[in-house]
Amino acid sequence: MKNTKSQTSNAIKFSLQLAKMLQENGIPVHRMEDTMSVVCEKLNITGDFFTSPRTIFASIGEKDNLQTHLIKSSYGDFNLEKLTKIDSVVKEVVKSIINP
């Protein structure tokens, strides 16, 4: 099912904010890629993410209209408490309990 423009916009904003929060709280790169892949698929958008120590590159949007974003975000120290809270939100989005 195709998203409305508003749904797509909200999905993109949520995904970009999520990627930044994950990186700032020290998530391992492979977990970031897995998490973002699952979230984007659930939100019916395409998303490819590449991280470096201070930057996130994201190609994200509808399959036929991808946009590239550059997010300045330093890798933070591993913060299990915050990552656990973020993971709870991700699970609720994936299970359609909440919408972004």
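Colleague: Let's start with I45. Where does I45 lie?

Modeller: I45 sits in the loop between α2 (29–42) and β1 (46–52). Keep in mind that this is a predicted model.

Colleague: Is I45 buried or exposed?

Modeller: Buried counts as under 20% relative accessible area. I45 has a relative accessible area of 7%, so I45 is buried.

Colleague: And which residues is I45 in contact with, leaving aside neighbours within four places in sequence?

Modeller: Those are N3, T8, A11, I12, S15, C40, I60 and G61. F78 makes a handy landmark too: C-alpha to C-alpha, I45 and F78 are 28 Å apart in space, and 33 residues apart in sequence.

Colleague: Okay, helices next. What describes two packed helices?

Modeller: You use the angle between their axes and the distance between the axes. Here, helix α1 (residues 5–24) packs with α2 at an angle of about 160 degrees, and their axes are 11 Å apart. An angle over 145 degrees counts as roughly antiparallel, and α1 and α2 are therefore roughly antiparallel to each other. The crossing of α1 past α2 is right-handed.

Colleague: Which residues in α1 and α2 meet?

Modeller: From α1 you get F14, S15, L18, A19, L22 and Q23, and they meet M32, T35, M36, V39 and C40 in α2. Sorted by class, that contact has 8 nonpolar residues, 3 polar ones and no charged ones.

Colleague: Now the strands. How many bridges join β2 to β3?

Modeller: Strand β2 (residues 55–62) and strand β3 (residues 65–72) run antiparallel, joined by 8 bridges. For instance, I56 has I71 in β3 as its bridge partner. The two strands, β2 and β3, form a hairpin with 2 residues between them.

Methods:
Residues are numbered from 1 along each chain as its sequence is written. This is a predicted model: local features need pLDDT of at least 70, side-chain atom pairs count only at pLDDT 80 or more; totals for chains, interfaces and linings use all residues. Side-chain values use heavy atoms; hydrogens and water are left out. Helices (H or I, at least four residues) and strands (E, at least two) are DSSP runs, numbered from the N terminus. Buried means under 20% relative accessible area, exposed over 50%, partly exposed in between (1.4 Å probe, protein chains only). Contact means heavy atoms within 4.5 Å. Axes are lines fitted to C-alpha atoms, for helices over the stretch in contact, and angles run from 0 to 180 degrees between N-to-C directions. Angles under 35 degrees count as roughly parallel, over 145 as roughly antiparallel, 65 to 115 as roughly perpendicular and the rest as oblique. A crossing is left-handed if the near helix is turned anticlockwise from the far one by less than a right angle, and right-handed if clockwise. Ala, Val, Leu, Ile, Met, Phe, Trp, Tyr, Cys and Pro count as nonpolar, Asp, Glu, Lys and Arg as charged, and the others, Gly among them, as polar. Two strands pair if DSSP finds at least two bridges between them.
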